[in-house]
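Have the model open as you read.

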Amino acid sequence: MVQIYKWAYQDWKTIDEDGLKQLVGLPQGITADDYKTITGDDYQATSTASPTA
């Protein structure tokens, strides 16, 4: 499965980093290590917390 995502990201350009981040940790998704293998960058979870005033 990782190979398909790697092709989609690197060759086909049909998925971007944000799309890959949404797949990290899902049962049928990828791991943080897979993310690094695909993108070359360390996985950093996006913050969904809203800022407090």
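What follows covers a helix contact and then the aromatic pairs.

This is a predicted model, where local features need pLDDT of at least 70, side-chain atom pairs count only at pLDDT 80 or more, and totals for chains, interfaces and linings use all residues. Residues are numbered from 1 along each chain as its sequence is written, and side-chain values use heavy atoms, with hydrogens and water left out.

Start with helix α1 (residues 2–11) and helix α3 (residues 32–39): their axes come within 9 Å and cross at roughly 40°. That makes α1 oblique to α3 (angles under 35 degrees count as roughly parallel, over 145 as roughly antiparallel, 65 to 115 as roughly perpendicular and the rest as oblique). On the α1 side, the contact (heavy atoms within 4.5 Å) is made by Val-2, Tyr-5, Lys-6, Tyr-9 and Gln-10. α3 brings Asp-34, Thr-37, Ile-38 and Thr-39. Sorted by class, that's four nonpolar, three polar and two charged residues.

Now the rings. Searching the whole structure turns up two aromatic pairs (ring centres within 6.5 Å; planes under 30 degrees apart count as stacked, over 60 as edge-to-face and the rest as tilted).

| Pair | Centre to centre | Angle between planes | Type |
|---|---|---|---|
| Trp-7 and Trp-12 | 6.0 Å | 45° | tilted |
| Tyr-35 and Tyr-43 | 5.5 Å | 75° | edge-to-face |

Terms used. Axes are lines fitted to C-alpha atoms, for helices over the stretch in contact, and angles run from 0 to 180 degrees between N-to-C directions. Helices (H or I, at least four residues) and strands (E, at least two) are DSSP runs, numbered from the N terminus. Ala, Val, Leu, Ile, Met, Phe, Trp, Tyr, Cys and Pro count as nonpolar, Asp, Glu, Lys and Arg as charged, and the others, Gly among them, as polar.
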